[in-house]
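Try each task before you read its solution.

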Amino acid sequence: MARLSLKREQNKNGPFFVDTSCIECGTCYWMAPNTFKSSEGKSAVYSQPQNSTEEEEALKALFSCPTFSIGSSEKKVESYFPFPFGEPEDLVFLTGYHSEKSFGATSYFIQRKDGNILIDSPRYLKKMATKLEKKGGLRFQYLTHRDDIGDTDSYWKHFQTQRIIHQDDATREDLRKYEIQLKGNDSFSLDDDLEIIPVPGHTKGSSVLLFKNKYLFTGDHLAYSKKLQQLIAFKNHCWYNFEEQIKSMEKLLQLQFEYVLPGHGAPFHSKQMKKELKKCIDWMKA
Ligand code: SF4
Ligand SMILES: [Fe+2]
């Protein structure tokens, strides 16, 4: 947990605080935008939660912070992850407990009658595994790309899942042992409601997962910028080829989806996603 002795002086007084161990992954900025803000290169509380919604958001950030840098003197601090996201009947969840090994990337969980799936990996904690057990365990672990593997193998040992990665991102011996290796550029149908689309660019083996033609899990291929108020790609963090990434982005125009669920940055919802995507592609080309 965060240490009071390391509390940053930039915090506003009150129950919540950020300590000096923050790595500025940005998670708390989008999860609790009314409470946390960047100040001199790290997060700080710029306004203490003013109501129960803001307090809940601040607690979500506390349980998602990859470095346990957020503290609270609130007595009722207890974890309520995984946290429902999107439309309740679709059973999509934010897992919380982001891992420092993937620079705090967000991971997601989908509860399905044909087998649950974990998308990228949260920190492994026995209490998280127990919570997932209560929701029916895990059948698949899908990795958007090699950067967000985190504690995948710990969950695999616990649940004996099928791990999925594109072979172009299976750059280490341990990743080449994953049960399902995607190849080439063709889409792969994992089940009736789950399709994986290779999107080389950020890394050569990046891919995205489409669920129910509604939710697109994008890893570091596609994200939303609150600052620019539009969908973006990370040109300064493109490890393979940005021109390829533009071509991969154009491929997504063929898909139907309403939600973009990225590894970094805030999830984004729009009923006019094609228009948003075209704007992003024009921005990438410019
Ligand atoms: S979530 Fe944690 S590490 Fe990330 S910016 Fe906030 S305090 Fe810093
Ligand atoms: Fe990445």
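**Exercise 1: Two helices side by side**

Work out how helices α5 and α6 run relative to each other in this predicted model.

Solution, step by step:
- Start by finding the helices: α5 covers residues 242-251, and α6 covers residues 273-285.
- Next, look at their axes, which come within 10 Å and cross at roughly 165°.
- As for handedness, the crossing of α5 and α6 is left-handed.
- Now pick out who touches whom: α5 brings Ile246, Met249 and Glu250, while α6 brings Leu277, Cys280, Ile281, Met284 and Lys285.
- Sort this α5–α6 contact by class and you get 6 nonpolar residues, 2 charged ones and no polar ones.

**Exercise 2: Where two domains meet**

Describe how domain 1 and domain 2 touch.

Solution, step by step:
- Count the contacts: 10 residues of domain 1 meet 12 residues of domain 2.
- On the domain 1 side, α1 (27-31) and α2 (52-64) are the elements that give two or more residues.
- Of the elements there, α2 gives the most, with 3 residues.
- That side of domain 1 splits into 5 nonpolar, 4 polar and 1 charged.

**Exercise 3: Around the ligand**

How many residues surround ligand 1, and which are the closest?

Solution, step by step:
- Count the shell: ligand 1 has 17 residues around it.
- Name the closest: Cys22, Cys25, Thr27, Cys28 and Cys65.
- Sort the shell by class: 10 are nonpolar, 6 polar and 1 charged.

How values were computed
Residues are numbered from 1 along each chain as its sequence is written. Chains are lettered from A and ligands numbered from 1 in the order in which they are written. This is a predicted model: local features need pLDDT of at least 70, side-chain atom pairs count only at pLDDT 80 or more; totals for chains, interfaces and linings use all residues. A residue is near a molecule or strand if its C-beta atom, placed from the backbone, lies within 6 Å of it. Ala, Val, Leu, Ile, Met, Phe, Trp, Tyr, Cys and Pro count as nonpolar, Asp, Glu, Lys and Arg as charged, and the others, Gly among them, as polar. Axes are lines fitted to C-alpha atoms, for helices over the stretch in contact, and angles run from 0 to 180 degrees between N-to-C directions. Helices (H or I, at least four residues) and strands (E, at least two) are DSSP runs, numbered from the N terminus. Angles under 35 degrees count as roughly parallel, over 145 as roughly antiparallel, 65 to 115 as roughly perpendicular and the rest as oblique. A crossing is left-handed if the near helix is turned anticlockwise from the far one by less than a right angle, and right-handed if clockwise. Two residues are in contact if their C-beta atoms, placed from the backbone, lie within 7 Å.
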